[in-house]
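Okay, thanks for making time, everyone.

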Amino acid sequence: MPADLHESAVVADAHNDLLMAVVARPPARWASFFRERWLPQLRAGGVDLQVLPVFIDERFRPEGRCARRSG
């Protein structure tokens, strides 16, 4: 029964570690890193949907708003 449920259900991952790992690379490598590294792992794990929750770590929001720093 559990295997049947997993086969027929939509499996969603809602962790933001994927997003943080992708943006830790140079912007030119974001798509290739996701496509070559994460997408195969998500598919192998049976994940059908990736939801990226909006949580901004304190070090990225010193002014109390979303800010992206260069360098």
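Predicted model: local features only at pLDDT ≥ 70, side-chain atom pairs only at ≥ 80, totals over all residues.

**Surface, fold and core**

The mean pLDDT is 75, with 69% of the residues scoring at least 70. If you're wondering where the confidence is lowest, look at helix α1, residues 2–8, which has a mean of 69. The highest is α3, at 86.

Now the fold. We've got 3 helices and 2 strands, and going along the sequence they come in the pattern α-β-α-α-β. For contacts with a separation of 6 or more, 61% are between residues 24 or more positions apart.

And how many of the residues are buried? Of the 71 in the protein, 13% count as buried.

In soluble globular proteins, nonpolar side chains tend to be buried together. Here, the largest nonpolar core has 6 residues, namely L18, A21, V22, F33, W38 and L42. Two elements, α2 (17–23) and α3, each give two or more residues to this core.

Have a look at W38 in there. Which residues does W38 contact, once you leave aside its neighbours within four places in sequence? They are L18, A21, V22 and F33.

A21 sits in helix α2, and it's buried because its relative accessible area is 16%, where the cut-off is under 20%. Not counting residues up to four places away in sequence, A21 touches F33 and W38.

Over in α3, which runs over residues 30–44, we find S32. Is S32 buried or exposed? It counts as buried, because its relative accessibility is 15%. Its side chain reaches the backbone oxygen of R29 at 3.1 Å.

Last stop is the loop between β1 (12–13) and α2, where you'll find A14. N16 is in the loop between β1 and α2 as well. A14 has a relative accessible area of 47%, so it's partly exposed. N16, at 24% relative accessibility, also counts as partly exposed.

What I'd like you to look at here is Q50. A14 and Q50 are 36 residues apart in sequence, yet C-alpha to C-alpha they're 6.2 Å apart in space. For N16 and Q50, the separation is 34 residues in sequence and 9.6 Å in space, again C-alpha to C-alpha.

So, to recap: there's a nonpolar core of 6 residues, with α2 and α3 each giving two or more of them. Then there's S32 in α3, with its side chain reaching the backbone oxygen of R29. And there's the loop between β1 and α2, where A14 lies, with 6.2 Å between the C-alpha atoms of A14 and Q50. As for confidence, α3 has the highest, and helix α1 the lowest. Okay, that's me done, over to you.

Methods: Residues numbered from 1 in each chain as written. Heavy atoms only, no water. Helix = DSSP H or I, 4+ residues; strand = E, 2+ residues; numbered from the N terminus. Buried < 20%, exposed > 50% of the residue type's maximum accessible area, 1.4 Å probe, protein only. Polar contact = N/O pair within 3.5 Å; in protein donor to acceptor, adjacent residues only side chain to side chain. Contact = heavy atoms within 4.5 Å. Core = buried A, V, L, I, M, F, W, Y, C linked by side-chain atoms within 4.5 Å. pLDDT = per-residue confidence, 0-100.
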